[in-house]
Amino acid sequence: MTKPDLSVQVGSLKLRNPVLLASGTVGYGNEMSEFIDLNSIGGIVTKSLSLKPRKGNAPQRIVETPAGMLNAIGLQNVGVEEFVKEKIPFLKKYDVPLICNIAASTYEEYVECTKILTGEEAITAFEINVSCPNVREGGLQFGNDIKAVGKITAGVKAVTDKPVIMKLSPNVSYISEFAKIVKEEGGDAVSAINTLVGTAFNILTRKPKIKNINGGLSGPAIKPVALAKVLEIKRNVDIPVIGIGGIMNWQDVIEFMIAGSSAIQLGTVNFIDPTAAAAIIKGLEEFCIKQGIQKISDITASYII
Ligand SMILES: Cc1cc2nc3c(=O)[nH]c(=O)nc-3n(C[C@H](O)[C@H](O)[C@H](O)COP(=O)(O)O)c2cc1C
């Protein structure tokens, strides 16, 4: 059999394979480039960027949990200006789709960040992180507010011609309702899921193990939840989905594609093995050869229920 075609399409976004690196787990790509050839992956998603630099939360910000981890980094990042000056020049050396993830405290900040960055040729697409507190609504997360998600989608789309992927929160009753509004407001795709709210206590001090009290749960512990959310979206809304949540190996990728993902992102696994993406891409190719699958994209939403 000839080499299988691993390329996938996420809306108008064409990727050489379905394996992307998730926001917040690979910085701006520079450290990762020491472990894997960035030109071999499907794409890289930056750490969430805000208009101004953010210091993030005080430690302890990360704790290991059974089959996963909790993090409350607090959106620490260099801000859009330094990103453009200091980080883009490095990323320009690579032929890898660059998806810029944006976080904000107000609707206007989402729009402003996108406006500033859209002129950068090196940026292929935007991923909008709505799992952020809305300062005008007393800290309620945008991602839990369906109207806010719709408004941000429309606002961001109005200032860029690049694909806009809305990254959905799993901490809602019906994630497909959120995917529906994204589609209605012109969003190109959704990524699902961001982390689940969780906490953990030290039994001797009786204090939370995370200074922020709550953190975001990620890793294999959330994989079944993420798969169910991808499937729920795919069965209810005709929009491309990028699956995220606890993917550790190529078998997990196939499972996410069957459930409806056009592409996937690797998060927590990068901390365990920064070379995981390379092994996963190789595993996907071998699987396709063994199964006689010519085009990996044929697996997307091939579930039988
Ligand atoms: C330490 C850490 C930092 C993260 N930071 C961000 C972030 O800045 N923006 C964002 O959209 N998601 C962020 N995420 C969420 C991941 O991109 C991903 O959605 C989540 O971890 C689930 O995937 P996983 O189980 O493969 O890690 C972060 C996750 C971790 C573990």
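Where does glutamine 60 lie? Glutamine 60 is found in the loop between strand 4 (43-45) and strand 5 (62-65), strands being DSSP runs of E with at least two residues and helices runs of H or I with at least four, both numbered from the N terminus.

## Basis of the model

This is a predicted model, in which local features need pLDDT of at least 70 and side-chain atom pairs count only at pLDDT 80 or more, while totals for chains, interfaces and linings use all residues. Residues are numbered from 1 along each chain as its sequence is written, and side-chain values use heavy atoms, with hydrogens and water left out.

## Cis peptide bonds

Most peptide bonds are trans. The bond from proline 59 to glutamine 60, however, is cis, with omega near 5°, and another cis bond, with omega about 20°, joins alanine 192 and isoleucine 193. Isoleucine 193 is located in the loop between strand 10 (189-192) and strand 11 (196-198).

## Asparagine 77

Asparagine 77 lies in the loop between strand 6 (68-71) and helix 1 (79-91), and it counts as buried because its relative accessibility is 5%, where buried means under 20% relative accessible area, exposed over 50% and partly exposed in between (1.4 Å probe, protein chains only).

## Positive phi values

Most residues other than glycine have a negative phi. Isoleucine 213, in the loop between strand 11 and strand 12 (215-218), has a positive phi near 75° and is partly exposed at 46% relative accessibility. Alanine 301, in the segment after helix 8 (276-291), has a positive phi of about 60° and is partly exposed at 29%.
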